[in-house]
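Here is a short report for someone meeting this structure for the first time. Please keep the model open while reading.

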Amino acid sequence: MSLRQVLESRAAALLLKRTSFPPEDALQIFSSPRGGSTWLMSLLSKLPGVAGMWEPFHETKGVVPTHWGARPHPAALNSQDESILYDVLSGRRANGWTCSRTSLVDAQGASQILVKYVRGNSLLPFMLDNWCFSRAPILLMRHPLDVVTSQVRAFGARPRDLDVQRLYPGHPELHTRWMDVRHLKDPLERQLHMWCLLNAKLWEEMARDKRIIALHYHDLILDPERHLKAVLEQWKWVPKRPDPSWSINAFVSRLDLRATSDTDFKGDFLANQQDQLWKNITRLTPEERTRYQHVLDTYSLTLYSMDEVRPHLA
């Protein structure tokens with residue numbers, strides 16, 4: 001970021017903190033790292049009067065205490081931490097990092113915030129139980145093989161000497177299983193285990209929870225216009241400041257729905273939608289496909305398989 005962008009981000013954060021929004025009005029996107037959430041946020045943050053809040057739970061750059069770890073879990077939070085979560089949802093906890101994609105103009109005109117998390121999935125059930133959100137949070141789900149392949153490609157193999165007790169407080173199964181998982185030679189297999197330990201049970205439950213919008217990356221890639229409209233219609237979204245010219249159809253028609261995310265670090269996005277969806281599964285050998293499917297089966301993940309890119313919906 002340039003010096004001008006840094007200063008603008010900090011100024012935007014100050015504006016949002018002074019405004020303070022009702023927590024239950026927050027628009028929210030939950031996902032996994034490399035799950036497509038940056039792309040979705042870039043589209044929804046163009047809604048009039050909406051200011052984006054970028055990754056408030058980042059363990060070093062975010063706005064929450066470091067003892068929350070890399071993937072905050074309600075079991076590791078105390079009553080003071082719950083107040084901090086309230087402040088995140090109201091925009092009162094913001095900094096240059098969380099506003100790094102928020103222009104000063106957007107912050108000045110904001111009547112609502114859009115919060116994106118790739119580290120907050122474990123908090124989603126807790127938040128649903130403690131707030132009655134006016135618009136259902138989005139859980140953006142992508143095939144776990146695609147997620148972990150993209151993670152390893154972008155960030156490298158996960159180190160085997162992780163301090164999982166410190167990084168993942170409140171995740172006891174992960175603490176136990178990591179002792180064996182860390183010895184696996186295949187970095188994708190290790191990453192897939194880690195993803196499942198953090199997400200498999202949650203996604204199986206949340207995919208059918210009527211309090212959220214379960215949005216599948218597969219569907220969004222194939223028909224972004226239709227599924228964005230469906231989200232906005234489910235939200236019954238209209239600008240907080242009256243605008244007689246507003247319509248969902250007109251808003252979506254103005255978006256560049258094929259623009260790639262600015263976190264597409266290595267040109268991972270393919271122009272052909274089917275190629276984009278199938279690229280990782282088709283590269284697998286039969287032995288890899290069997291081994292990776294065994295990982296999904298270990299954690300009773302039925303929503304996805306190594307034979308199909310589409311989610312298996314009941």
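## Terms and model

Buried means under 20% relative accessible area, exposed means over 50%, and partly exposed lies in between (1.4 Å probe, protein chains only). Helices (H or I, at least four residues) and strands (E, at least two) are DSSP runs, numbered from the N terminus.

This is a predicted model, in which local features need pLDDT of at least 70, side-chain atom pairs count only at pLDDT 80 or more, and totals for chains, interfaces and linings use all residues. Residues are numbered from 1 along each chain as its sequence is written, and side-chain values use heavy atoms, with hydrogens and water left out.

## Strand S2

Strand S2 covers residues 50-54, and five of its five residues are buried. In a regular strand the side chains alternate between the two faces of the sheet. Both faces of S2 are covered. Val50, Gly52 and Trp54 are buried on one side. Ala51 and Met53 are buried on the other.

S2 runs parallel to strand S3 (residues 112-117), and five bridges join them. Two strands pair if DSSP finds at least two bridges between them. Gly52 has Leu114 as its bridge partner in S3.

## Strand S1

Strand S1 (residues 27-30) is also covered on both faces. Leu27 and Ile29 are buried on one side, Gln28 and Phe30 on the other.

S1 runs parallel to S3, with four bridges between them. S1 also runs parallel to strand S4 (residues 138-141), here with two bridges. Ile29 takes part on both sides: it stands opposite Lys116 in S3 and opposite Ile138 in S4.

## The second largest pocket

A pocket is found on a 1 Å grid over the protein atoms alone, where a 1.4 Å probe fits; it is an open set of points with protein on both sides within 12 Å along at least five of seven lines. Lining residues have an atom within 4 Å of a point. A volume is the space filled by probe spheres set on the points, which are joined across faces, edges and corners.

The second largest pocket holds about 380 Å³ of space. It is lined by 19 residues, and those closest to its centre are His73, Leu197, Leu198, Lys201 and Leu202. Helices H5 (124-130), H8 (172-181) and H9 (187-206) each supply at least two lining residues. H9 gives the most, with eight. The lining divides into eleven nonpolar, five polar and three charged residues. Here Ala, Val, Leu, Ile, Met, Phe, Trp, Tyr, Cys and Pro count as nonpolar, Asp, Glu, Lys and Arg as charged, and the others, Gly among them, as polar.

## His312

His312 lies in the segment after helix H14 (286-298). His312 is partly exposed, at 34% relative accessible area. Contact means heavy atoms within 4.5 Å. Leaving aside neighbours within four places in sequence, His312 is in contact with Arg208, Thr302, Leu303, Tyr304 and Ser305.

Thr302 is ten residues from His312 in sequence, and their C-alpha atoms are 7.0 Å apart. The side chains of His312 and Ser305 make a polar contact (3.1 Å). That term means a pair of N or O atoms within 3.5 Å; within protein, one must be able to donate a hydrogen and the other to accept it, and residues adjacent in sequence count only if both atoms are side-chain atoms.

## Two serines with positive phi

Ser20 is not a glycine, yet its phi is positive, about 60°. Ser20 sits in the loop between helix H1 (3-19) and S1. Ser20 is partly exposed, with a relative accessible area of 28%.

Ser300 is not a glycine either, and its phi is positive at about 55°. Ser300 lies in the segment after H14. Ser300 counts as exposed, at 52% relative accessibility.
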